[in-house]
Amino acid sequence: MTEMDGKVVLVAGAGATDPDGIGNGRAAAILMAEAGARIMCADRDLALAERTVEMIAERGGEAAAFAADITLNDDCEAMVAATLKRFGRLDGLDNNVGISSRGSVVEETEEAWERVMEVNVKGMFLAAKHAIPAMVSTAGGGAVVNVSSISALRPRGLTVYSASKGAVIALTRAMAVDHGGQGVRVNCIAPGPVYTPMVYGRGPGMSETARRARADASLLKTEGTGWDIGEAVRFLLSDRSRWITGHTLVVDGGASIRGPERDTV
């Protein structure tokens, strides 16, 4: 047996902007399937979710795809219903969808503020709103992982994004308090600057110099990937973390605590 045998997990944002790339959601879906879970891969782009299903099938896992916009209540209700119809239960939710922004409160537009908050906060609220009752009724409890960012802990010129990701941490803690008595654990992951299709798929991509600088920003001098975030999601949605709730797990190679360089003796 493997650690997630018998579990069913809904991954919101299971695709990747590069059809063959490994983003946080796709990595989590693949790793949890390898651990024995059956996965509902939800994404706004059905083709990208279906590609994740193919990757899981190539590794011997079981998954299905569903098209959903997590900013829409009806879509969130439908993706949970589709999960129950296909697999008969729900044990976990990976709330992985998010978008970025750049600029101060003076520079950003009202429209950008509303869109970032809609996707990054409202989307997680709506997905959990429908997933948690399904977990309780079909599995007697479960686990939720909300994906935040170290930008919530160490702002760096992404003000609206940082505010939204800070809200995700607060939402996580509130949900943990609200639903712990129902057997539902709720945790949060704060990734550092990992190299994913969301990063290299924008505009001209990222130069090797920029990638090296990002790696050097970590204490480990290495670059994080979607697999690193996926491993954290798998841990927090498995029973190995059965006594952990309301926690924010920082996965950043130490970048968020990086201080000035100092001499060693």
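Trainee: How many bridges join strand 1 to strand 2?

Mentor: In this predicted model, strand 1 covers residues 8-12 and runs parallel to strand 2. Within this pairing, Val11 has Cys41 of strand 2 as its bridge partner. The number of bridges joining strand 1 to strand 2 is 5.

Trainee: Which residue of strand 3 stands opposite Asp43?

Mentor: Strand 2 (residues 38-43) and strand 3 (residues 62-67) run parallel and are joined by 6 bridges. Strand 2, helix 2 (residues 46-58) and strand 3 together make a right-handed β-α-β unit. The residue of strand 3 opposite Asp43 is Ala67.

Trainee: Which strands stand at the edges of the sheet?

Mentor: The open sheet has 7 strands with parallel pairing, in the order 3-2-1-4-5-6-7. Each edge strand has a single partner strand, so one side of each is left without a neighbour in the sheet. The strands at the edges are strand 3 and strand 7 (248-251).

Trainee: What angle does the direction of helix 3 make with that of strand 3?

Mentor: The sheet twists by an average of 20 degrees from one strand to the next. Helix 3 packs on this sheet and touches strand 1, strand 2 and strand 3. The angle between the direction of helix 3 and that of strand 3 is about 155 degrees.

Trainee: Are helix 3 and helix 4 roughly parallel or roughly antiparallel to each other?

Mentor: Helix 3 (residues 73-87) and helix 4 (residues 110-139) have axes 8 Å apart and pack at an angle of about 25 degrees. Angles under 35 degrees count as roughly parallel. Helix 3 and helix 4 are therefore roughly parallel.

Trainee: How many nonpolar residues does the contact of helix 3 with helix 4 have?

Mentor: Helix 3 contributes Asn73, Cys76, Glu77, Met79, Val80 and Leu84 to the contact, and helix 4 contributes residues including Leu126, His130 and Thr138. By class, 3 residues of this contact are polar and 2 are charged. The number of nonpolar residues is 8.

Trainee: At what angle does helix 8 run to strand 6?

Mentor: Helix 8 (residues 226-237) lies across several strands, among them strand 1, strand 4 (92-95) and strand 5 (142-147).

Trainee: What is the orientation of helix 1 to helix 8?

Mentor: Helix 1 (residues 24-34) and helix 8 pack at an angle of about 50 degrees, with axes 7 Å apart. Helix 1 passes helix 8 in a right-handed crossing. The angle makes the orientation of helix 1 to helix 8 oblique.

Note on methods
Residues are numbered from 1 along each chain as its sequence is written. This is a predicted model: local features need pLDDT of at least 70, side-chain atom pairs count only at pLDDT 80 or more; totals for chains, interfaces and linings use all residues. Side-chain values use heavy atoms; hydrogens and water are left out. Axes are lines fitted to C-alpha atoms, for helices over the stretch in contact, and angles run from 0 to 180 degrees between N-to-C directions. Helices (H or I, at least four residues) and strands (E, at least two) are DSSP runs, numbered from the N terminus. Angles under 35 degrees count as roughly parallel, over 145 as roughly antiparallel, 65 to 115 as roughly perpendicular and the rest as oblique. Contact means heavy atoms within 4.5 Å. Ala, Val, Leu, Ile, Met, Phe, Trp, Tyr, Cys and Pro count as nonpolar, Asp, Glu, Lys and Arg as charged, and the others, Gly among them, as polar. Two strands pair if DSSP finds at least two bridges between them. A crossover is right-handed if, with the strands pointing away from the viewer, the path from the first strand over the helix to the second runs clockwise. A crossing is left-handed if the near helix is turned anticlockwise from the far one by less than a right angle, and right-handed if clockwise.
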